[in-house]
Amino acid sequence: METRGSTPGLADRVGVLTIGESHSSASLVRSMPEFSLTDGAIINVEGFEGRNVSFQCKHKIASNSNKYFCKDPCKDEGEKLVTVEPGRRAESGRIALMDSGDGSFTVTFSHLQLSDSQKYWCAVDRPGLDTYTEVQLAVKKSTYIVLSLLNKMHQYS
C-alpha cells in the first residue's frame, strides 16, 4: 500500500490505459491530515487535445457504493468533480461517470484540454474510510491537422 500522492515505481507503469498493481492486499495508511486507503494501482491515460478519452476504475466490494472522481489531493468536497450512484450515470461539465453495478465505473473526458493533464483519483464512498485509485492523465497536443496539411502539400508539389 502507498500513501496517496506518492509515485514509487511510476516508470514501470507508464503506458496508455495501463494498470499496475504494486500490492494485492489492502492496509491502512496515514496521509496527512486524514486517513485513506489506496490499492497501490496507478491508471495512466493518454489522450489528444480536442478528443475524448475513457478509462475504467475498478474497486473491490463496491457494487452498492457511490463512486466519485476528483482532482488531487482529493481531500475536500470541492475537489470532487462528479459523483455517481450504483448502476447510474452522472455528468458534470466535460466529465461523465457510468457505474456498471459490479464495483467498477467508466470515466469519460470529452473535448480534452492540455490543462486536463494532471493527477486525479477514482474513489469509492465507504463508511469510515473511502478507497482511492490514482489516475495520471496526460493530454498531448493534437498534430493530426498539421500532418494532414503537410501530406496534401507534398501531393501537390
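A salt bridge is a side-chain nitrogen of Lys or Arg within 4 Å of a carboxyl oxygen of Asp or Glu. In this predicted model, lysine 67 and aspartate 99 form such a pair, with their closest N and O atoms 2.8 Å apart. Lysine 67 belongs to strand E5 (residues 67-71) and aspartate 99 to strand E8 (residues 95-99), so the bridge links distant parts of the chain, 32 residues apart. Lysine 67 and aspartate 99 are both buried.

Side chains of opposite charge can pair when their charged atoms come close. The count for this model is six salt bridges. Another of them joins aspartate 116 to arginine 94, at 2.8 Å from N to O. Aspartate 116 sits in the loop between strand E9 (104-109) and strand E10 (118-124), while arginine 94 sits in the loop between strand E7 (89-92) and E8, so this pair ties together parts that are 22 residues apart in sequence. Aspartate 116 has a relative accessible area of 6% and is therefore buried. Arginine 94, with a relative accessible area of 27%, is partly exposed.

A further salt bridge connects glutamate 91 and arginine 89, with 2.9 Å between N and O. Here both glutamate 91 and arginine 89 are exposed.

Confidence is the remaining topic. The chain has an average pLDDT of 78, and 67% of its residues score at least 70. Over residues 1-35 the pLDDT stays under 50, and the model has 79 contacts beyond four places in sequence for this stretch. Where pLDDT is low, the predicted coordinates should not be read in detail.

How values were computed:
Residues are numbered from 1 along each chain as its sequence is written. This is a predicted model: local features need pLDDT of at least 70, side-chain atom pairs count only at pLDDT 80 or more; totals for chains, interfaces and linings use all residues. Side-chain values use heavy atoms; hydrogens and water are left out. pLDDT is the predictor's confidence in each residue, from 0 to 100. Contact means heavy atoms within 4.5 Å. Helices (H or I, at least four residues) and strands (E, at least two) are DSSP runs, numbered from the N terminus. Buried means under 20% relative accessible area, exposed over 50%, partly exposed in between (1.4 Å probe, protein chains only).
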